[in-house]
Amino acid sequence: MADTLGKALQIAAVGLPVMIGVIGLFILVARALVVLFPHGGETNGGNEGS
Amino acid sequence: MSATLEGLLAGIIELNWRHGAMWAIGFTLIYLAVRKGYEPLLLIPIGFGAIMANIPLSGAIGEAVPLTLLLRVGVWTELFPILIFVGVGAMCDFSPLLRNPEVMLLGAAGQIGIFLTIIAASLLRFPLTQAVAIGILGTADGPTTIYVASLYAPEILAPLALAAYSYMALTPLIMPPVIRLLTTPDERRIRMVYSGSPEVSRTARLLFPLCVMMVAGLIAPVAVPLVGFLMLGNFLRECGVAERLSHSAQNELINVVTLLLGLTIGGSMTGETFLRWSTLGVMALGLAAMVLATAGGIVIAKLLNALRREKINPMIGAAGISAFPMAGRVVAKMAFAEDRQNYLLMHAVAVNISGQLCSIVAGVVVIAVIKAIVGF
């Protein structure tokens, strides 16, 4: 049991910061996309704003 | 003559208490779905499958018969959950996330329950693989739970799937007491203005699913199907040139696969494998995972408030679990009940959508971390 618990704690200790890091990366990606491709900066119309 | 009679009555002769108990569970699931409206699309096929599989000498289970084949082809290969992700992706509008990406922090907070539950399951002497699969219940995300369970703990797939979908259906009962316990009436009355802008360009909406798939795939190549199929569905929705595919993914595909998945899970609920003490443990830990996930979102929202000048209503942190749209609606309803002028729905739904994405990210990260630490 001690081995399983140790591994579980290790998964939590590594997994939690990694998950927050990945989400942080996604936040940056989202911010960059909105800044690089602002609304109204396109010409094709498409389903803009839908 | 007596042999013929015995052959004809074989099904009745073989009946035992386990069959009766599983029929009762099957009928209960069908009753909850039909009379109470709890996740009917899934609980009806699960209930039917459970009854079919527990008729003595049932031809639905065994070697090379329908339910067993569906289990091998659709669940053990993870095919059904990832096909459902195409539909889920096609239903998701990530625009609120792109407008206000910080809500993803609350979505991430909603996943804290996963790691706490993995530790709790280990303390209760579940093997590590099962503890991980049980922990994923903290995402409140059925397909992710089934995907991870198929990878690590197929032997407890049925109770895990049942716990995931039951607790999602029970979100309106599980969340409010946790929210009330962790927030003051003043906090629940905090109003938030919804500006609605800026609009997000089509290019940004198109590139977002591609970027997320590539970033997540590079971190955890083994989980590419999980994120890739979700983002494919979202791309079909946003591209504007594949309406038929997007529509099919949101309707026919997800409906057919949900039916088959439910039947298969029900079919795997035989008395011998389901009626164990470990099933009760899985159900109890699943509930704990949901409570911890709800609490995690609220606590992080309160911590964010300590750093922000413009306060957020900490209840929206509770919407960071993946149960969509129930979690968002519960929070909005509670805010409205506290203050008839407080409309939190758009904020809560944005956090809820981020919870959907974050639950899958959490699944991806857990798979990657286990591969790195344990090596499988």
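**Helix packing and chain contact in a predicted model**

In chain B, residues P81(B), I82(B), I84(B), F85(B) and V88(B) of helix α6(B) meet P143(B), I146(B) and Y147(B) of helix α11(B). By class, this contact of α6(B) with α11(B) comprises eight nonpolar residues, with no polar and no charged ones. The structure described here is a predicted model.

**Helices α6(B) and α11(B)**

- Helix α6 spans residues 79–91 of chain B and helix α11 spans residues 142–152 of chain B; their axes come within 9 Å and cross at roughly 155°.
- Because an angle over 145 degrees counts as roughly antiparallel, α6(B) is roughly antiparallel to α11(B).
- The crossing of these two helices, α6(B) and α11(B), is left-handed.

**Helices α4(B) and α17(B)**

- Helix α4 (residues 40–53) and helix α17 (residues 243–267), both of chain B, pack at an angle of about 35°, and their axes are 6 Å apart.
- The crossing of α4(B) with α17(B) is right-handed.
- On the α4(B) side, the residues making the contact include L41(B), L42(B), P45(B), I46(B) and F48(B).
- On the α17(B) side, the contributing residues include T258(B), L259(B), G262(B), L263(B) and I265(B).
- Sorted by class, the contact of α4(B) with α17(B) holds 11 nonpolar, seven polar and no charged residues.

**The nonpolar core**

- The largest nonpolar core contains 150 residues, and those with the most contacts inside it are L160(B), V331(B), V361(B), V364(B) and V365(B).
- Helix α21(B) supplies the largest share of this core, 17 residues.
- Apart from neighbours within four places in sequence, V364(B) is in contact with A216(B), A220(B), A223(B), L226(B) and V227(B).

**Residue M346(B)**

- M346(B) lies in helix α21 of chain B, which covers residues 345–373.
- M346(B) counts as partly exposed because it has 14 C-beta neighbours inside 10 Å.
- From C-alpha to C-alpha, M346(B) and V75(B) are 35 Å apart in space, and they are 271 residues apart in sequence.

- Chain A has one helix and zero strands.
- Of its 50 residues, 24% count as buried.
- The contact between the chains takes 34 residues from chain A and 41 residues from chain B.
- The side of chain A that touches chain B divides into 22 nonpolar, eight polar and four charged residues.

Key
Residues numbered from 1 in each chain as written. Chains lettered and ligands numbered in written order. Predicted model: local features only at pLDDT ≥ 70, side-chain atom pairs only at ≥ 80, totals over all residues. Contact = placed C-beta atoms within 7 Å. Nonpolar A, V, L, I, M, F, W, Y, C, P; charged D, E, K, R; others polar. Helix = DSSP H or I, 4+ residues; strand = E, 2+ residues; numbered from the N terminus. Buried ≥ 20, exposed ≤ 12 C-beta atoms within 10 Å, placed from the backbone. Axes fitted to C-alpha atoms, helices over the stretch in contact; angles between N-to-C directions. Parallel < 35°, antiparallel > 145°, perpendicular 65-115°, else oblique. Left-handed = near helix turned anticlockwise from the far one by under 90°. Core = buried A, V, L, I, M, F, W, Y, C linked by C-beta atoms within 7 Å.
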